[in-house]
Amino acid sequence: MKDVSTTEAAYRDLSDEELMQRLVYQDVGAFRALYARYGNLVYSVALRVVRDPHVAEDMAQEIFFRIWRKPDSYAATRGKFPTWLTSVTRNRAVDEIRSRNRRFRHETASPEEQEREFAGPDNIDPAMRAEVSDQRRLIMLALETLPMEQRQTIELAYFGGLTQQEIAERLNQPLGTVKTRIRLGMQKLRVALTPKLKWESST
Amino acid sequence: MIENEHVIELLDAYALGALEEAETNSVEAHVADCVECWNEMTTAQEAAGLLSLSVAIHEAPARLGERIISTAQRETSPVPIERRRGFWGRFSRPIGIGAMGVASVAVIAVGLTMQQQVDDLEAENAALNAELRAETFALEQELADTEARVAEQEILFAVSSDENAQEFAVAPRSGSVEGSASYAYSPDARQGVVECIGLEPLPPGMLYQLWVESDEGTHPMATFQPVDGECLVTMSLGYLESAPTAIGITTEMIPGGLDEPSTPWLLYSEIPQD
């Protein structure tokens with residue numbers, strides 16, 4: 001069912017789910033459109049975790065090969081495609097750094113570094129779809145409402161792949177403090193992201 | 001079994017992947033049987049999943065996209081996947097709805113459901129076939145590359161270890177040609193090796209082609225692109241009915257080479273006959 005008459009512009013109008021359906025029939029045009037839409041995002045998530053451009057490149061390549069070869073690994077019931085895609089990327093990247101026996105160092109980021117890591121709205125890729133940009137804006141605004149220490153702890157867990165115990169050792173804080181920071185921070189995030197979460201689960 | 005309250009306290013850390021292995025196992029064992037905690041866990045995972053969208057966007061290297069797309073193109077089957085005729089397509093004659101009763105309509109409903117199932121199975125089958133083809137293709141490529149490398153090594157060994165091997169220069173045909181080549185041939189193994197140095201890099205779309213002449217005619221042996229002006233080409237000549245009489249190199253423009261030289265000899269030498 002390869003539709004060779006489909007133009008590049010026509011692919012741009014297709015939803016993520018429609019593009020993924022076309023991958024079942026090895027539609028390279030659909031795959032190219034997906035990469036154009038999310039290549040930078042996947043690479044950036046991998047880079048955020050592994051902090052090595054070459055490894056991030058390998059990770060991004062692996063993720064895209066995986067969706068090319070197994071497009072049915074995504075189902076709309078798993079939430080919106082970009083959230084699923086970036087979560088898969090993050091999980092794979094964390095597995096990678098853990099398998100390397102934590103040879104990658106995830107030092108505590110300074111406030112200035114954190115500002116760069118959690119990019120502000122001005123830093124959004126203009127080529128990214130408006131829908132994803134809106135999601136990003138909402139998430140970044142939610143993160144900005146958190147106290148620095150809560151944000152830092154969540155970041156070390158999610159992007160650094162560290163356990164609560166490891167974070168406590170890294171920050172030289174009691175384990176109970178780390179647990180509290182994670183719980184309070186995530187609770188605030190969940191409240192701030194409630195509209196987004198309802199939208200995700202309604203799809 | 002741990003209490004719900006305790007599990008719920010762990011769910012945010014679980015969603016972030018920040019629990020120790022034992023805690024993770026406990027949470028997973030509990031939520032498998034607890035709807036309330038399972039719902040809480042799902043919400044926590046959705047919130048955690050959104051964090052990935054917060055990263056600063058960096059531009060991926062251009063080569064990454066090129067590599068990913070070109071690999072996908074290579075793995076694409078050259079033959080379009082055609083869906084088989086559906087359930088109703090198997091009937092050669094149309095069925096008149098007007099002639100049917102309520103029971104027939106029910107049969108149609110069942111048939112449509114079956115049709116959907118058949119379509120789903122066909123789509124699943126097509127996806128599995130595509131994946132299988134991609135993996136088979138990659139394995140075949142890898143096997144072919146390995147076999148080619150082994151065969152090359154065998155020829156190099158056969159020629160270099162043959163005390164009776166002949167070796168001579170393959171000379172430029174004119175003074176304006178850069179580069180030179182040497183040819184070593186093992187009469188016992190009927191295998192040869194051409195080694196060249198100083199060859200000019202060619203414009204895009206062009207390649208060097210190696211030929212052997214015998215009483216039967218001119219035989220295409222290999223095409224190659226020199227690396228830093230150098231090449232190493234191995235040849236098996238056992239299939240020739242008569243001994244090679246000359247060896248030469250041309251430049252060609254057709255990927256994979258031609259059956260006959262289309263340009264003048266760049267390098268050429270007759271092979272001394274005993």
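I looked up Tyr74(A) and Phe81(A) and found both buried (under 20% relative accessible area with a 1.4 Å probe, protein chains only). The model is predicted, so I took local features only at pLDDT of at least 70 and side-chain atom pairs only at pLDDT 80 or more, while totals for chains, interfaces and linings use all residues. Residues are numbered from 1 along each chain as its sequence is written, chains are lettered from A in the order in which they are written, and side-chain values use heavy atoms, without hydrogens and water.

Next, aromatic pairs. I paired rings of Phe, Tyr and Trp (its six-membered ring) with centres within 6.5 Å, calling planes under 30 degrees apart stacked, over 60 edge-to-face and the rest tilted. I got 12 pairs over all chains. Tyr74(A) and Phe81(A) are edge-to-face because their planes stand at 85°, with centres 5.2 Å apart. Tyr74(A) also pairs with Trp84(A), tilted, at 5.0 Å and 50°. Trp84(A) is buried as well. I noted one cluster made of Phe31(A), Tyr35(A), Phe64(A) and Trp68(A).

I then checked for charges over rings (NZ of Lys or CZ of Arg within 6 Å of the ring centre and within 35 degrees of the ring normal). Arg69(A) sits over Phe65(A) at 4.8 Å from the ring centre, and Arg90(A) over Tyr158(A) at 4.2 Å.

Last, I looked at chain B for contacts (heavy atoms within 4.5 Å). Those between α1(B) and α2(B) involve residues including Leu10(B) and Tyr14(B) of α1(B) and Val27(B) and His30(B) of α2(B), the helices being DSSP runs of H or I, at least four residues, numbered from the N terminus.

Terms used:
Buried means under 20% relative accessible area, exposed over 50%, partly exposed in between (1.4 Å probe, protein chains only). Helices (H or I, at least four residues) and strands (E, at least two) are DSSP runs, numbered from the N terminus.
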